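Here are my notes on this model, point by point. Please read them with the structure open.

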Amino acid sequence: MKIEKNVVCTFCGCLCDDITLTIENNNITKVEKACANGRGLFEGYDPHFRAPRVNGKEVTFLEAIKEASNILSSAKYPLIYGLSSTSIEAQRISVQLAETIGASIDSTSSVCHGPTGLAMQSVGEPTCTLGEIKNRADLLVFWGCNPLVSHSRHFARYSAMPKGRFISEGRKDRKVVVVDVRRSETAKAADLFIQIRQGYDYEVLLAIKALVKGKAISATEVGGVPTELLQQFVHTMKSCRYGVIFFGMGLTMTKGRDLNVREVFSLVRELNNYTRFSALPMRGHGNVTGADQVMSWLCGFPFAINFSKGYPRYGPGEFTAVDLLSGGEADALLVIASDPVAHFPAGATRHIEKIPSIVIDPVESLTAKIATVYFPTAMYGVDCEGTAYRMDSVPLRLKAPLERQRKSDEEVLEAIFEGVKEC
Ligand code: SF4
């Protein structure tokens, strides 16, 4: 029996790095400190060897690589998608592969925080680390997110509850405000809940910014929120020592999208004339931040990139996976650690069924079940080392507490890359 301490959980963007695992016969028998989502990731994992498959039949690794390389090298408009649940080492090779075969490459960012990337590029990102928040923030605003459900340990470990260097009493020293269209679990635990009408985030943000600037508003309510309540909220923000706005898909995937996020960033910039303020997206997948980082370093853009002309072109809405698949444009698909068949609209899913596809994933997803070629790989942070970026863009090295019996995503991608070059 082996006890492995300080393991990183890669389920969500919190990347909690204090998990303790008990391991017997290369199986995880006990998980401590993780939330229910994290426990599911470790407890349900089977590290045993499984052979790759081509058209549902088990084959050797080399046969599977040959088939995958043939599919990608003969495609005219291939698409590489996923990337948010693998290591940055695998993400880097995926970009190299996309460049070599002239593919489009897109991550799950395009269906969650893509608008945040667009807003960052237009007005800059007033960011900070979770460590700064833990030690300094006395005001936390959660806008369009429900961390008590989606990022269960965020409250306890990084934001509302922990005692910090300048927050000696933890939760007693902090004020929590939730802005949302419904009273979520997080809203029930907040000191102040501001309920806005669905689709009115942009208007409410503009009104708040005007009030911060000292302008008068003649309307009695904006987006379903009484102006008096907005004034109270503005007073709370201007009088805190250090505030943070966390925002989620309730803001990025509603009417206004990147314009909403741009308003959050410019509001934060305005608030910095009065006090110290930052904003941070609540990233979902464990290494979706890494996918944005790697693609930005290598291509200058965080997602929705196309290499068909030999250089990277950026096209959210054009080179994003849902659009390329729904429009029937992609003629081959490589999926890395993602399950578009389970999550994409029906039109996109129907097209995936028609084209040859390759799936690299430790979990046999719905997309893996219908793939032409499927590589069952090791899971990074469990039986495979790697690097991942936490939601605040802090990179963490991932251990491999279990002995590895399957190839890593990186190894499979490297072999496909070599195979494609030979083709
Ligand atoms: Fe894992 Fe996220 Fe839960 Fe932390 S909050 S244990 S990273 S699922």
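1. UniProt, in an unreviewed entry, places the feature "domain: Molybdopterin oxidoreductase" at residues 83-380. Keep in mind that this is a predicted model. In the model, the end C-alpha atoms of that span lie 12 Å apart. The span is 41% helix and 18% strand.

2. Next, the open space. The largest pocket holds about 1200 Å³. Its lining counts 49 residues. Closest to the centre are Phe11, Ser85, Gly284, His285 and His343. H1 gives the largest share, with three residues.

3. Rolling a probe the size of a water molecule over the atoms shows where empty space is left. Two cavities reach 30 Å³ or more. The largest cavity has a volume of about 110 Å³. Which residues lie nearest the centre of the largest cavity? They are Cys9, Cys12, Cys14, Cys16 and Cys35. In total, 16 residues line this cavity.

4. Thr22 deserves a look. It sits in strand S2 (residues 19-24). Is Thr22 buried or exposed? Its relative accessibility is 5%. The cut-off for buried is under 20%, so Thr22 counts as buried.

5. Helix H18 covers residues 409-422, which makes 14 residues. At 1.5 Å a residue, H18 should span 20 Å. The end C-alpha atoms of H18 are 20 Å apart, so the model agrees with that expectation.

6. Which residues of H18 are buried? They are Asp409, Val412, Leu413, Ile416, Phe417, Gly419 and Val420. These residues cover an arc of only 165 degrees around the axis, which puts them on the same side of H18. An α-helix has 3.6 residues a turn, so residues three or four places apart point the same way.

7. What do the buried residues of H18 pack against? Two of the partners are helices: H2 (61-74) and H3 (88-101). The others are strands: S17 (332-336), S18 (357-361) and S19 (373-376).

How values were computed: Residues numbered from 1 in each chain as written. Predicted model: local features only at pLDDT ≥ 70, side-chain atom pairs only at ≥ 80, totals over all residues. Heavy atoms only, no water. Helix = DSSP H or I, 4+ residues; strand = E, 2+ residues; numbered from the N terminus. Expected span 1.5 Å × (residues − 1). Buried < 20%, exposed > 50% of the residue type's maximum accessible area, 1.4 Å probe, protein only. Arc of directions from axis to C-beta. Contact = heavy atoms within 4.5 Å. UniProt positions renumbered as here; feature names shortened; annotations may be inferred. 1 Å grid on protein atoms, 1.4 Å probe; cavity = no way out; pocket = protein on both sides within 12 Å on 5 of 7 lines; lining within 4 Å. Points joined across faces, edges and corners; volume = space filled by probe spheres on them.
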